[in-house]
Amino acid sequence: MATDHPTASHAPVTVLGLGPMGQALAGALLRAGHPTTVWNRTPSKADALTAEGARRADTVAEAVSAGALVILCVRDYDAARKILAPATAALRGRTLVNLTSGAPDDARATAAWAAEHGVDYLDGTIMTPTHTIGQPSAVMLFGGPPELFDAHRPVLAALGGTATHLGADPGRAASYDTALLDLFWTAVAGCAHALAVARAENIAAGDLLPYAVGIAQLLPEVLTEFAADLDRGSFQGDGATIEAATAGMDHVLHTARSHGIDTGPLAAARAIAQRAIDAGHGADGLARLAAFLTAESPGE
């Protein structure tokens with residue numbers, strides 16, 4: 001839709017949702033000189049921001065009406081839909097930047113809802129902690145119409161760091177977020193499991209730490225090799241094969257089970273490796289596992 005977007009460096013902005021991240025976003029906008037209207041289901045969460053000069057709105061519709069750009073940052077898309085529903089009419093003709101975490105399909109469905117109701121829509125994800133907001137280290141990813149991103153780039157710049165537009169697909173940022181969170185939480189599960197096995201073997205966490213950090217420092221190289229292999233579709237097992245890797249998995253599984261430690265995550269990884277071996281990929285490199293998982297999915 002064609003909408004006149006403000007280009008002034010101090011354009012008014014509304015922030016809906018004042019959890020820790022929402023408060024950080026509103027604070028950064030205020031410090032950058034943007035007139036900022038805020039709303040939260042619990043009004044007292046706006047107290048610190050109003051002391052800095054923010055205007056507290058009593059309703060979502062009142063907050064939305066304060067300017068052309070609305071930033072939403074709440075727990076999930078279900079919460080987002082409940083918040084936005086009463087203010088649908090007020091949102092018409094404005095831009096909604098949704099920084100709520102969720103699945104790519106949720107982002108696309110929200111974009112479709114916005115289009116149906118005459119609302120311009122960008123979906124984004126914040127990849128760094130709250131203390132980075134407004135600082136050079138902040139990293140944000142966005143998906144949606146490129147002209148919309150460009151129109152509001154000056155305001156988004158107030159949030160700090162790097163704001164990257166990934167393409168017109170409104171689910172693109174959530175896709176990146178999902179994949180990166182998959183990497184993070186799987187790694188965290190591995191850390192917890194490794195420390196549990198070490199503890200069961202009477203190894204103090206601090207004693208294991210230097211060697212664990214050394215293992216973690218191998219991951220950037222592994223990721224780089226995986227990405228290159230996947231993109232070119234070549235899975236030569238010159239360095240390590242899937243079949244060879246299962247030996248290491250097996251001795252970890254044996255040790256963990258001997259101490260009664262849950263082996264769920266690693267057992268799942270071992271089962272994937274076995275399916276790949278059974279399909280004839282045992283001599284391939286480990287990056288084959290990512291391609292194999294995709295090939296197994298019903299959508300392929």
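Helix H1 is largely enclosed by the rest of the structure, because nine of its twelve residues are buried. The model is a predicted one. The buried positions of H1 are Met21, Gly22, Ala24, Leu25, Ala26, Gly27, Ala28, Leu29 and Leu30. H1 covers residues 20-31 and extends 17 Å from its first C-alpha to its last, close to the 16 Å expected at 1.5 Å a residue. Just after this helix, Gly33 adopts a positive phi of about 95°.

Two helix pairs were examined for packing geometry. Helix H11 (residues 242-258) and helix H12 (residues 264-281) have axes that come within 10 Å and cross at roughly 150°. Since angles over 145 degrees count as roughly antiparallel, H11 is roughly antiparallel to H12. The crossing of H11 and H12 is left-handed. On the H11 side the contact is made by Ile242, Glu243, Thr246, Met249, Asp250, Val252, Leu253 and Arg257, and on the H12 side by Leu266, Ala267, Ala269, Arg270, Ala273, Ala276, Ile277 and His281. By class, the residues of this contact comprise ten nonpolar, two polar and four charged.

For helix H6 (residues 104-116) and helix H8 (residues 172-200), the axes come within 8 Å and cross at roughly 165°. H6 and H8 are therefore also described as roughly antiparallel to each other. Their crossing is right-handed. Pro104, Ala107 and Arg108 of H6 make the contact with Ala174, Ser175 and Thr178 of H8. Three nonpolar, two polar and one charged residues form the contact of H6 with H8.

Key. Residues are numbered from 1 along each chain as its sequence is written. This is a predicted model: local features need pLDDT of at least 70, side-chain atom pairs count only at pLDDT 80 or more; totals for chains, interfaces and linings use all residues. Side-chain values use heavy atoms; hydrogens and water are left out. Helices (H or I, at least four residues) and strands (E, at least two) are DSSP runs, numbered from the N terminus. The expected span of a helix is 1.5 Å times one less than its number of residues. Buried means under 20% relative accessible area, exposed over 50%, partly exposed in between (1.4 Å probe, protein chains only). Axes are lines fitted to C-alpha atoms, for helices over the stretch in contact, and angles run from 0 to 180 degrees between N-to-C directions. Angles under 35 degrees count as roughly parallel, over 145 as roughly antiparallel, 65 to 115 as roughly perpendicular and the rest as oblique. A crossing is left-handed if the near helix is turned anticlockwise from the far one by less than a right angle, and right-handed if clockwise. Contact means heavy atoms within 4.5 Å. Ala, Val, Leu, Ile, Met, Phe, Trp, Tyr, Cys and Pro count as nonpolar, Asp, Glu, Lys and Arg as charged, and the others, Gly among them, as polar.
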